[in-house]
Structures are given as structure tokens and as C-alpha cells.
Amino acid sequence: GTCVSACPTNYYTDDSAVCRACSDQCAGGCSGPNPWQCSACRSFLSGTTCVAQCNASTQYADASRTCQPCDAQCLGGCTGSLPTQCAACKTWNTLGTCTSTCNTDANQAVAATKACTPCGSECLTTAGSGGCPNSTLSCTVCLRARLNGACVSACPASHFSDLTRTSTALGGICTACSSQCAPLQGCTGPGPNQCTACATFLNSLTASCVSTCPNLTYVAPQTTIC
């Protein structure tokens, strides 16, 4: 060996005053042979140790080249600290955000894809409502009305809302008006006596809509009333 007044850069002096090489992960000197004894890191700092690369499955490198942990809900790495910056989700993916739970009263949970997708706006999503297990548009209970199995904001004009059937729709089941009712004029129930207007004639004796006036009646002039 050669006697020197000071050890060169990236060497340290051991207890015998011998210059020893720093870890290859050090830059600018060290106090010992290990990568956690560097004055500065050549590549990245993970905790207190200099490393060649951050752990790609659990960490990302910030602007100062320090390895930072991914969000706890990330799987397979990340590009930042937020649950929206995961490479994949450990448990659930709720519209691009990794979450630990999926509220099935308000979302459709698909375990195979880890997708947690909000139910449609016409679904009832309060606690215990059942959400939308089969499709985001296929609600267990409709917030308003139900027409042919689908949740709708209101029944069409050719239907009335049957409020005796509210177990699957808070606003009732849309039920067709009588064929004797005038199209798109509405009704208050299924009978021909519950039409808002008649398609053909109104039997004044029964207050019901009919297709033809009954025997022994006539159509009043310039009206559709029997």
C-alpha cells in the first residue's frame, strides 16, 4: 500500500488507518463499507440505505430520488403516493381510485375485475337497499319508478304509477293505461273509467271510455259523449 495524507473520494479510513472502498452505491464519501453509511447516494435513497433502484412493486422515486412508499391499496407499484397512481389495485378499483372496500348498497362490485362502479342515478343507494349487483343500471330498488324492469325518473304518459307496488320502486310500478284511453293522455289507474281522456267515446252513464256507444244511446252532437 501507499501512504497518503487523506483517503480519496469514496474511500473511508478504517480503525487501522487503512483506506477502504465505500459501497458502490455511495457518492461523495462514506463512514463505512455499507450502503447505509454513504454521505450521499449514487442512485436512490430508500429509508437510510442507498440502492440502485427503488422497489418497483412497493415504491416510487420522488423528485429528490428518494424512494417513497406506494399507497397501501396499490398492487404492483405506482407512480406517486396517491391511491389514484397505482399500477393496479389490491382490493377494489373505484373509478380509478384504489379502495379497501366497495359499498354494495351504492356500487356494483365485480370481484373478477376488482371493479367497484357506482350504481346509476335512478337506483336507491341507501343502507340496506341492495344496490345494483348485476349491472349499474339494474337496481334492486328504484329511486323513483320502474318500467318493464328498468328504473325511470317518471312513468310515460301511456302509463300510471301503481303505488300499491313499491317494494322494488319507491314511486311504484309503471302500469299501462286501458286501451280505451287516449294515447299519451294518461290515466289514474288501469280501468277505462280512469282515463284522462278517451280514445273514442265516453259513456256518460258509466263514466267509462268505450270503443262504441252501447245500445239505446247516441253520440251527442259535436262531441264524443254517448
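Predicted model: local features only at pLDDT ≥ 70, side-chain atom pairs only at ≥ 80, totals over all residues.
Residues are numbered from 1 along each chain as its sequence is written, and side-chain values use heavy atoms, with hydrogens and water left out.

Let me start with the fold, where the protein chain has zero helices and 18 strands, helices being DSSP runs of H or I of at least four residues and strands runs of E of at least two, numbered from the N terminus. The radius of gyration is 38 Å, well over the 17 Å that the globule rule gives for 226 residues, so the chain is more spread out than a compact globule; that radius is taken over C-alpha atoms, and the rule is 2.2 Å times the number of residues to the power 0.38. Along its principal axes, the C-alpha trace spans about 135 × 30 × 20 Å.

Turning to contacts, meaning heavy atoms within 4.5 Å, 16% of those between residues at least 6 apart in sequence join residues at least 24 apart. Buried residues make up 31% of the 226 in the chain, where buried means under 20% relative accessible area, exposed over 50%, and partly exposed in between, with a 1.4 Å probe and protein chains only.

Now to the cysteines: how many disulfides does the structure hold? There are 17 disulfides, each a pair of cysteine sulfur atoms within 2.5 Å, and I will take three of them in turn.

In the disulfide of C22 and C30 the sulfur atoms are 1.9 Å apart, both residues are buried, and the torsion about the S-S bond is about -85°, so this disulfide is left-handed.

C41 and C50 are also joined, with an S to S distance of 1.9 Å, and the torsion of about -80° makes their disulfide left-handed. Here C41 counts as partly exposed at 25% relative accessibility, while C50, at 4%, counts as buried.

The disulfide between C123 and C139 has its sulfur atoms 1.8 Å apart. This pair links distant parts of the chain, 16 residues apart, with both C123 and C139 in the loop between β12 (115-118) and β13 (145-147). Both cysteines are buried, and their torsion of about -75° makes the disulfide left-handed.
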